[in-house]
Structure formats: C-alpha cells, structure tokens
Amino acid sequence: MKRVVISGVGAVSAMGNDVSSLVKGIEEKKSAVHYMEGWDQYTGLRSLVGAPAKLINEKAIPRKNRRSMGRMSIFALQATEQALADAGIKHEELTSGRIGCIIGSTMGSAESLNEVFEIMLPQKDLTKLPSMKFFQCVSHTAAMNVSQCLGITGCVIATSAACASALQAINVGYDLIRLGKQDAVACGGAEELHPTVTGSFDVLFATSANYNDKPHKTPRPFDRDRDGLVCGEGSGILVIEEYERALRRNAKIYAEIIGYHTCGSGVHVSQPDKNSIALCLREALASANVSPKEVDYINAHATATIQGDREEAKAIKEVLGDSMPVSSLKGYIGHTLGASGSLELIVSLAMMEKGIIYPTLNLDNVSPDCQGINHVMEAVSKDISIMVKNCFAFGGINSVLVCKKL
Amino acid sequence: MKHEITENEIITMTNQVFEESFEIETEKLQPKMNIFEDLGLDSLDIVDLIVALQQKFGVKIRNDERVREIRTLEDIYRFILSLKNEEH
C-alpha cells in the first residue's frame, strides 16, 4: 500500500473566502453566526440563525461553467482552486487522468431546488424550467462542476452521507491513492445554507431556537445550555497525494493520513448511538495502528444537539479516556454539514502546524451529560503528533479519520 | 386597444434575452450574427433561449419545428414577427 499525505488546502466559509481568514477568525474566537433576515416569513421555522458565506468573484468563472453551478458548486470550485494552488499542482496535470476529484454534500444546491419548486409547482408547469436546474440540483453537482470546470479527468466521485460526506470523500480518495489508482485527489465537501435546510433539522427539533436574539451565543457544543445545531455553509477541499510524489515535488506536507473507519449504526436514523461511535473510533485507530494513548487531540463532531454531544462524549471517554484534549469548531462557523469534515480538518491541520488547540466556542459550563472528557475551553499550547477527526451523520453514518504529523 | 408589437421592439427584446441570459455584449448583437458560431451558444443554451423567448413574448415555441432552422439573430427576429402576425 502506498502512503498518502495532505499537500494542499482550500476553504470558503462564513469566516471568509480563504483558509487564512478561517483560521484567523477562529484564533480570535469570533463567531460567524448571524440572525438571518427574512427567515421569519417561514411559518413554523423556530431557528432564525445561520452562518452564511459570501459569494464573491463568481463572475470570474466562465459563463458556460458557471451556468450549471449553484452556490455550493461555486464555493467548491473556489476552494479547490485554492487547494490546488497551495499544493503547487498545475492545470496541465489535471488532464492526466491520475488526479481525481471527490466532493461530497448532503444534496444538490438547496437554492436551486427551491427555484425549481417555485417555477414548476404553482401551475404544475415544466415549460418554464431552465436547462441548468438539473445540473445544479443533482447530488454530484459539486464534484461534477469542479471537475468539468478544471478539466479533471481522473476519478470523479460524489459522496453523499449528509454530515459525514466530506470525510467519506477523503476516505475514498485515500483508498484510491493507497491502491495506486490515482496519484492525487482534490477531495472534501460543500454545502449551502438555506431556510429549507435549517427547516429540515428544525422540524426534528435538532436546531438552536433559543438564541435568535443573541446569535453569537449559539451553537454551544457540550454546554449545559446547548439547544441544537446552527447551519452554516461553504466548502473545504484538501489535496491528498501519494507520499513519494509529494516528496519528489518538494511539496509542503501538512500531515499523513494514516487510517480511517466509516460504519453504520444499524440502530436509528436520527438517534446517535454511543456504541457505534465507539466502534468507529476503535476501528479507525486500529486501521492507523495507533493506540488511544498516542492520540494528542480529537476534533469532535459535536454540533450542540442534546443527544449527539452526549453520545459522542461518552464514546470518546470510553475509547480515548478522560485526559485527551477534545474541542469542537461548530461554535465558530456553525454546522457546515457536508463540508464540516473537511473545513474542520483544515483548521485542525492549522492547530497541528501551530502547536495550539483552539477551544470550543460557547462552552461555558460543561453539561453534566458531557463530562468525563478533557474539554478544551481556552486555547492551549500542545504538540499535536496524532489527531483524530470525527463526523457523524443523520442516517446513523459515522466516519473517523486519523492523521499524523510528519 | 391592444398594443401591436413593432419590429424594433422585437429586436430590442430579443437582444435583451441575449444580454441577460447569455451575458453577450450589446455590440456583438448584430442581425447577421450566427448564434452558435459567432455568439457561442450550445444545445443547452437553446433550451434556455426557448424558455426566455416564450416568457418575453408570451408565445409557445417549444414544439415548433421552425426553431430548428434558426441560425442567426435575424432568424429569431423574423420568427417572432411571424408568430405575432399569426396571432392576428
């Protein structure tokens, strides 16, 4: 098996449209969560907060590429271009067939889907539907648009497992490179904020609804006063590459990917399950040949739902014990769903590089049901050699990635 | 009394479609321009052109065989004019 390293990163998030603004915002303990103007027109929508990203420079994308893109594909393209530039991979290499593109999301563009409904449903009339709505709405819209626009001719795959989509994309890319089928892959996730997306969680009472008048105070992962998740948007893309190739190019190596696991809970579509999370953690560590004591930091999924945070804290305690530092980044940029795995991994890589662990924003009082693990509540200096990234999705899908500093 | 659309209005409104939907500069919108070779439209754009023209002029052309013969901007102006004349 070949070794796989991360050699490029790119991000669009509510903190800004590059990796440095994302990391800087988190370093400064800023919240990118806002009250969403206009959302109060939706009857029954309790959660009126979100972490929106800004669409910028989209006109720089040629019309024939842009026409098939919703917001999330534009975010994904811009993040991919940043990651490729950061890795030093040139445009000519993308047409070799040896470089792939794997980008996941919960679904296609939410804004475009809603436009389709608005055009088609009132009079049940299809004649006003523009040709491009299909390409904006399909589940593989980000992977398809990015690969078409950049001329990528390697493996193009879209993972779709809601909040585990980005980590699963990295998992697939890792395997393709390990097996020698690809030399490098641009992989990660993308997602779009829309009242109907927040609404789909809101009807399940999974969203934060008590902080509409003080949006910066939510979400509150692991906190006593947490009341649910806050949706965000953006895209995080990583270039992962075969180790020897990266060495030959003298590329900057952020970390080596040394293992992962993904599994289903087989229990319930929405209720998180401590046992399957613990199993996923154990299997991921086993695949990386790492003992729990060797792990220096875990970047939690922790979205600030009552059940999710509780089950994750219990699983971390069971597998990794009570002293290993844990933090969640959802308080800063909301839950970016299909993009969360890659955006948060990128920030975790920055922590690894700087030797600092960023705390869980809005964690003021650890909830009794989340105690027994080492919550990072203020930034701490720490040499991170091995870190673990968690992602758990509705549908009972778990994904855990293990990275090592070289 | 219903306003009858003039040829100039048809040209202006058609050109608006090309500016708004296909982001083509006004200067390029000359009658003899081939919409594929000169203006760069492709088969997917034609679907959107039909939708846009239908909405702009209140006509139904989706299943009209004459759409297939359109090559230039002038062809579109003439086609819309003939449709409007057929209404009377």
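Reader: Which residues are linked with R63(A) in a network of salt bridges?
Author: In this predicted model, R63(A) is linked with R67(A), D42(B) and D45(B) in a network of salt bridges.

Reader: What else does D42(B) do at the start of α2(B)?
Author: A side-chain oxygen of D42(B) comes to within 3.2 Å of the backbone nitrogen of L44(B).

Reader: And D45(B), which residues of α2(B) are buried along with it?
Author: The buried residues of that helix include D45(B), I46(B), L49(B), L53(B) and F57(B).

Reader: What covers them?
Author: The cover includes α2 (63–66) of chain A, and α1 (7–22) and α3 (73–86) of chain B.

Reader: How many residues does helix α2 of chain B have, and what follows it?
Author: Helix α2 of chain B has 15 residues, 43–57, and reaches 21 Å from first C-alpha to last, close to the 21 Å expected. G58(B) follows, with a positive phi near 65°.

Reader: Back to charges. How many salt bridges over all chains?
Author: The count is 39.

Reader: Which residue pairs with E23(B)?
Author: K59(A), with the closest N and O atoms 3.8 Å apart. E23(B) lies in the loop between α1 and α2 of chain B and K59(A) in the loop between β3 and α2 of chain A, so this pair joins two chains.

Reader: Is K59(A) buried or exposed?
Author: K59(A) counts as exposed, at 61% relative accessibility, while E23(B) is partly exposed at 35%.

Reader: What about R46(A), what is its partner?
Author: R46(A) forms a salt bridge with D202(A), the closest N and O atoms being 3.3 Å apart. The two are 156 residues apart, with D202(A) in helix α8 of chain A.

Definitions and conventions: Residues numbered from 1 in each chain as written. Chains lettered and ligands numbered in written order. Predicted model: local features only at pLDDT ≥ 70, side-chain atom pairs only at ≥ 80, totals over all residues. Heavy atoms only, no water. Helix = DSSP H or I, 4+ residues; strand = E, 2+ residues; numbered from the N terminus. Expected span 1.5 Å × (residues − 1). Buried < 20%, exposed > 50% of the residue type's maximum accessible area, 1.4 Å probe, protein only. Contact = heavy atoms within 4.5 Å. Polar contact = N/O pair within 3.5 Å; in protein donor to acceptor, adjacent residues only side chain to side chain. Salt bridge = Lys/Arg side-chain N within 4 Å of Asp/Glu carboxyl O.
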